[in-house]
Amino acid sequence: MNEAMSRPALIRQFFAGSAAFLALPVSAIITGPILARALGPEGRGIMAALLVPVSLANLMFTMGLPESINWHIARGRVSHVDAVRLALVGGIVSGLLGSAGLVLIGPWLLKGDARAYLFQYDLLAITLPVTLSIAALRGIVYGGQGFKFINTEQFVGVGLRLAVLIGLFVFGLLNPTLAVWTTVLSGILASASLIPALLRTTEQTATTVRVTEVLRYARSTALGTISCFLIMRIDQALMMPIAGAEQLGYYAVAVSLAELPTAAARAVAGLIFNSGRDASQFAPQACRLSLLGLLPVCGAAILLSPYVLPLVFGKDFTPAVPMAQILLIGTGANVVEYLLGTGLNSIGYPGRTSLLQVWGSIVSVLLIVGLVPRYGGLGAAWATTIAYFMQAIATIFIFSNVSGVKFLDCICSSRSEILMLCRSKAFDR
């Protein structure tokens with residue numbers, strides 16, 4: 001079993017991981033305006049219509065396998081060789097299923113001018129066996145605390161995507177098809193950074209469990225994983241057939257802005273799951289401190305977006321401003337649900353996390369279907385934000401119930417914690 005990280009190592013990894021996961025949204029400050037100005041609202045919408053279903057399938061069809069492999073590797077309960085074999089077989093099988101599903105629903109998702117991109121959409125669907133295998137293998141690296149390899153993968157992928165998109169823009173070649181393929185292939189190529197971690201030999205432990213145990217855990221988390229990412233991406237996936245490419249283009253820009261403050265939460269979630277600490281205490285502490293840093297940033301972004309967004313993305317994207325402001329209101333709730341949900345998984349309650357995610361996804365889909373036809377992107381923004389808040393409240397309640405931490409103590413920092421954060425010793429407990 002992996003040993004708990006030392007305090008200095010935990011702090012260093014927090015900042016290193018946060019920097020790595022911030023790389024993509026920070027790079028979006030450059031690529032977002034480039035894509036917006038080169039493609040326009042409709043072209044940006046077509047790009048989202050191609051990319052979002054494939055991205056959503058990459059998240060849904062993991063079937064909980066990366067999380068399960070991560071959990072068992074981190075606790076020394078499955079051998080490295082078995083985990084690699086399971087990751088490859090599981091990734092290929094689920095990838096083939098996902099590819100078939102995407103191809104079947106493609107004609108319904110791509111409407112109007114986007115129908116001309118159906119062949120490219122089908123080609124993108126074929127990449128699923130590769131990307132899902134990589135996702136499962138990444139679980140091995142996470143479980144082995146190979147965070148530096150994960151961070152390297154993030155930086156390489158972001159750098160490659162940024163360089164190619166800028167090059168295409170400079171030479172006047174940027175279009176929705178090339179933008180989507182650049183995003184997908186840069187991620188695949190960057191995964192080569194994980195190879196050294198996967199080739200490392202590990203000792204067989206006496207507590208090794210059968211592969212069926214890994215699959216059982218994956219099954220218990222799969223529904224929650226699927227529902228979690230339905231909440232995060234189903235809004236964009238449904239907007240093309242319901243509201244059209246232009247509204248989707250505005251909304252995609254709003255989402256890219258609203259997601260900027262949440263990137264560091266992904267690094268924090270990785271630490272909660274793998275640090276070896278008592279997640280029943282560490283998860284709410286990480287949640288409280290994340291909110292301390294996040295909420296002022298969101299508040300500033302809400303106030304500045306009417307001026308910054310049209311300036312950066314162009315006046316054509318002014319309708320995206322209220323969408324971004326609404327989504328930023330729900331950002332804090334999204335982070336609360338994400339971090340405490342990870343805490344529930346870590347302390348052995350993946351089934352309850354799954355139920356919470358199913359609840360949130362049902363609320364989100366119902367609100368999207370009810371609001372988007374009439375209000376377009378604004379309706380999608382309200383639907384997503386309301387779903388975030390409802391799920392966050394339910395998550396806090398369940399986490400408080402199983403961990404013994406008071407409801408408000410999950411989200412409200414004490415004066416001493418604020419002082420510790422100011423002294424850069426927030427996680428030194």
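Analyst: A residue is called buried when its relative accessible area is under 20%, exposed when over 50%, and partly exposed in between (1.4 Å probe, protein chains only). Helices (H or I, at least four residues) are DSSP runs, numbered from the N terminus. This is a predicted model, in which local features need pLDDT of at least 70 and side-chain atom pairs count only at pLDDT 80 or more, while totals for chains, interfaces and linings use all residues. Residues are numbered from 1 along each chain as its sequence is written, and side-chain values use heavy atoms, with hydrogens and water left out.

Helix H10, residues 245–258, is mostly covered, with 10 of its 14 residues buried. Among them are Leu248, Gly249, Tyr250, Tyr251 and Val255. From first C-alpha to last, H10 reaches 20 Å, close to the 20 Å expected; the expected span is 1.5 Å times one less than the number of residues.

Elsewhere, helix H3 (residues 80–109) packs with helix H5 (residues 128–143) at an angle of about 150°, their axes 7 Å apart. Because angles over 145 degrees count as roughly antiparallel, H3 and H5 are described in that way. Their contact comprises 13 nonpolar, 7 polar and no charged residues; Asp, Glu, Lys and Arg count as charged, Ala, Val, Leu, Ile, Met, Phe, Trp, Tyr, Cys and Pro as nonpolar, and the others, Gly among them, as polar.

Cysteine 412 lies in the loop between helix H16 (377–403) and helix H17 (415–422). With 40% relative accessibility, cysteine 412 counts as partly exposed.

Definitions and conventions
Axes fitted to C-alpha atoms, helices over the stretch in contact; angles between N-to-C directions. Helix = DSSP H or I, 4+ residues; strand = E, 2+ residues; numbered from the N terminus. Parallel < 35°, antiparallel > 145°, perpendicular 65-115°, else oblique.
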